[in-house]
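Work through the exercises below with the sequence and the model side by side, trying each task before reading its solution.

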Amino acid sequence: MSESDPHIHVEVNLHADTAVRDVMASTFGLAGDLPSLVNTGCGLEVPHAMTSARPESVTCLECRRHAHRRHLRLADETERIGRMPGMSAEISDGAVQAGKRHRDLAMRFVSDNP
């Protein structure tokens, strides 16, 4: 990481560690520490504070492309799981809605260039 890197990045796994930590904290009252340095979509290792999941905040173009691709893949996977045999209508509808949210987020990463 360069001290002069002014960009806001996307964590390589789209902040999944943060989400898991939040669920654990709300469920069990336990909050583990987040790592101070994280890997990003562009391949750098930066302080966690220099990352964001919000498309409007991310200024690294390679990280924006990475987030776009990952959200599209998550949309496809979520929708595929929702169509699996044995899924209830509620679960299938929820999977479609989750897929739509991921597609919307993916589009924000490519349309809201900083």
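**Exercise 1: Salt bridges**

The side chains of Arg69 and Glu62 come together in a salt bridge, 3.8 Å from N to O, a salt bridge being a side-chain nitrogen of Lys or Arg within 4 Å of a carboxyl oxygen of Asp or Glu. The model is a predicted one, in which local features need pLDDT of at least 70 and side-chain atom pairs count only at pLDDT 80 or more, while totals for chains, interfaces and linings use all residues. Residues are numbered from 1 along each chain as its sequence is written, and side-chain values use heavy atoms, with hydrogens and water left out.

Task: decide whether Arg69 and Glu62 are buried, partly exposed or exposed.

Solution. Begin with the cut-offs: buried means under 20% relative accessible area, exposed over 50%, and partly exposed in between (1.4 Å probe, protein chains only). Arg69 has a relative accessibility of 43%, so it counts as partly exposed. Glu62, at 31%, is therefore partly exposed as well.

**Exercise 2: A bridge across the chain**

Task: find which residue forms a salt bridge with Asp76, and state where the two partners lie.

Solution. First, the partner of Asp76 is Arg103, with the closest N and O atoms 2.5 Å apart. Next, this pair links distant parts of the chain, since Asp76 belongs to helix H2 and Arg103 to helix H3, 27 residues apart; helices here are DSSP runs (H or I, at least four residues), and strands (E, at least two) are also DSSP runs, both numbered from the N terminus. Finally, Asp76 is partly exposed because its relative accessible area is 44%, and Arg103, at 28%, also counts as partly exposed.

**Exercise 3: The length of H3**

**Exercise 4: A histidine and its partner**

Task: determine whether His9 is buried or exposed, and which side chain it joins in a polar contact.

Solution. His9, found in the segment before H1, has a relative accessible area of 1%, so it is buried. Its side chain is joined to that of Asp5 by a polar contact of 2.8 Å, meaning a pair of N or O atoms within 3.5 Å, where, within protein, one must be able to donate a hydrogen and the other to accept it, and residues adjacent in sequence count only if both atoms are side-chain atoms.
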